[in-house]
Amino acid sequence: MWPEVGHLALIMAAWVAVLQAVLPLWGSLSVRRAGWQSLARPLAVLQLLLIVVSFVALWHAFYVHDFSVKYVANNSNTLLPTPYRLSAIWAGHEGSLVLWVLMLSLWSVAVATFSKRLPQGLVAQVLGVMGAVSVGFLAFILTLSNPFARQFPAPAEGRDLTPLLQDPGLVIHPPMLYMGYVGLSVAFAFAMAALLSGRLDAAWARWARPWTVAAWGFLTLGIALGSWWAYYELGWGGWWFWDPVENASLMPWLVATALIHSLMVTDKRGQFKAWTVLLAIGAFSLSLLGTFLVRSGVLTSVHAFATDPSRGVFILLFLVVVVGVSLALFAWRAPQWANASQPVAGSRESFLLLNSVLLVVAMAAVLLGTLYPLIIDALNLGKLSVGPPYFDRVFVPLMVPLLLAMVPGTVVPWHVARWAAVRSVLVPGALALLLASAWASWGAAPQDADTVTTAGGWLTVMGGTLGGWIVLSGGWQIVQRLRLPGSPGLAWWGMQVAHLGVAVLVLGITGVKSFEVERDVRLGLGDSVTVAGVRYQLISVDNHLGPNYLALRAQMRVFEGDRQVGTLQPEKRRYVSSAMPMTEAAIDRNLWRDRYVSLGEPLTGEPPQWSFRVYHKPFVSWIWLGAVFMVLGGGLAAFDRRYRQAPSAARASGALADKGVGMGLGSGVSGVSAAAPVALAKGAVS
């Protein structure tokens, strides 16, 4: 009866969500009853407990192979290893929505738990809005996406989990991505609470900042994990393909990054209030748009879940309701901010505004390239494909000025233009240019007789200069700041770590794009190929039996000169249940380069030969290392104690920011502003 228990728990959670959406909001906005407002926290906890029961019930069905549950039969079988039975819960449409509402309830309880110092009325409004969002998703699950639907007679065996998803990376990637997606609902809820109450002051911006940074961190980590998985699992050696579903996660990330900047200015200077609210609405709306794209059937992708148009219509209507109601509230309150002050050109506010505008324009470019082919197809005007060339040529020019403005935006003070502070970081910029030019010249020479790299161009110099300038100027800022009295806060250190992450990411992308070498070869037993000065010799190709697949496994020895330095074992797998082929690349990693080999199909003829793709990828691991630094920087900023103070006290503690070198404690997460996920800094060099 576990499936019935899980289904009943979802029904009860939906009713609790209705109460959470209605009573606290009604108590705070109409009747002004403290008792109704106080119900928000216990209702959020109760909803979480019920959804956890439902999630455990679904996990139990996968664990015991209950194929009478249709969703289990479609996404598992008896040969599936136990860890992948857990990830199978979110491998399909219905289960992924259960994960979504679980994450939403976790965020609600987190707000309820860590907002004890906030006014009760504000907490009631925030949790009420989140309850309303939960109502929409739970209604979707119960009406169109029930994961506990039965089928009789139950089949003796299930269809199995898609082989692409039978990977450790896919056990971690979706929960992290969903935590980011759903976490943006907190910023949205704070913005809606501010609109409902009419109080768009510094207080709500300060309280919303740590939640926004936390959601941004999870979303960054989720995007990076997805990129890492695609790199080693799909066998093509790339880390970003501008797939529409990849874009669906990138777009809310870009707007969330802009939102972090705008929240900081609203908190510090009381400016950009309307812009901040629009960004909060836009970030969450884009996460809903991503949900629609993935689950509507309008996209064909390895990441897409569903092909049922009725489900897509429901999500589209929900998106229209969310955007329509929030924009109507915004239009109602907008006249209050008509006379807001404008930032001084050359001040920190102006750089942060430029930053957020460029990010939104970049999002619009990605949105156009993602949706335009779908619109053309829906109007029966033919088929249109928008691929990497479009995104590279449109996205790239927007990222270069974004990165150029990043360093000056961290050294100038608030409210006034002080160009002497900018001049102080020009020396690190000049040194970075010299180092980048030397780097490009070093990589331009042939690596061996058979392969020549394409390095040495101006893009290499530009990417190296941008990355190096961020690193060197960050080091200079740290030295200057440590000379001042007082200790920097966590937010300031978070800025520096996030900046370091951006620099590492930019340098990694520059290195791999400039100096990578690729060879497609035919090899028989005993044959060798030399790539970037390293010789790869095929020793054997044998059959290998896995837990639920058969594999053709090659063994290759790796030589530097006459010395063997390693062995690589790429595989070509065929899964028993689906007979689907999968490429498992073999990768020899270190901090400076990857040696990457993927096995293709056997070739006809005698003696036997097989196709191989061999890559030499310098600095590719820096891409994900940079993302890790960015997430760590965001985490440090989110835990800064000043977020738990009243705005006036926090401004006092950060008063040193406008003195000395202009890099004060109050810079907060400004460094996160240009911190891009794996795709963002691609614009600097691809």
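This is a predicted model: local features need pLDDT of at least 70, side-chain atom pairs count only at pLDDT 80 or more; totals for chains, interfaces and linings use all residues.
Visitor: At what angle do helices α8 and α10 pack?

Guide: Helix α8 covers residues 168-197 and helix α10 covers residues 244-269. They pack at about 40°, and their axes are 11 Å apart. Angles under 35 degrees count as roughly parallel, and 65 to 115 as roughly perpendicular. The angle therefore makes α8 oblique to α10.

Visitor: Is the crossing of α8 and α10 left-handed or right-handed?

Guide: Left-handed.

Visitor: Which residues in α8 and α10 meet?

Guide: From α8 come Leu 177, Tyr 181, Leu 184 and Ala 187. Facing them in α10 are Ala 248, Ser 249, Pro 252, Ala 256 and Leu 259. By class, the contact has eight nonpolar residues, one polar and no charged.

Visitor: Now the sheet. In what order do the strands of the open sheet run?

Guide: The general idea is that strands of a sheet pair through backbone hydrogen bonds, either parallel or antiparallel. Here four strands take the order β1-β10-β9-β8, with antiparallel pairing. From one strand to the next, the twist averages 20°.

Visitor: How many bridges join β9 to β10?

Guide: Nine, between β9 (residues 593-603) and β10 (residues 609-618). Leu 599 stands opposite Phe 612 in β10.

Visitor: Which strands does helix α9 touch?

Guide: Helix α9 (residues 202-233) packs on the sheet and touches β8, β9 and β10. Its direction makes about 120° with that of β8. Helix α19 (residues 490-515) lies across β1 and β10, at about 135° to β10.

Terms used. Residues are numbered from 1 along each chain as its sequence is written. Side-chain values use heavy atoms; hydrogens and water are left out. Axes are lines fitted to C-alpha atoms, for helices over the stretch in contact, and angles run from 0 to 180 degrees between N-to-C directions. Helices (H or I, at least four residues) and strands (E, at least two) are DSSP runs, numbered from the N terminus. Angles under 35 degrees count as roughly parallel, over 145 as roughly antiparallel, 65 to 115 as roughly perpendicular and the rest as oblique. A crossing is left-handed if the near helix is turned anticlockwise from the far one by less than a right angle, and right-handed if clockwise. Contact means heavy atoms within 4.5 Å. Ala, Val, Leu, Ile, Met, Phe, Trp, Tyr, Cys and Pro count as nonpolar, Asp, Glu, Lys and Arg as charged, and the others, Gly among them, as polar. Two strands pair if DSSP finds at least two bridges between them.
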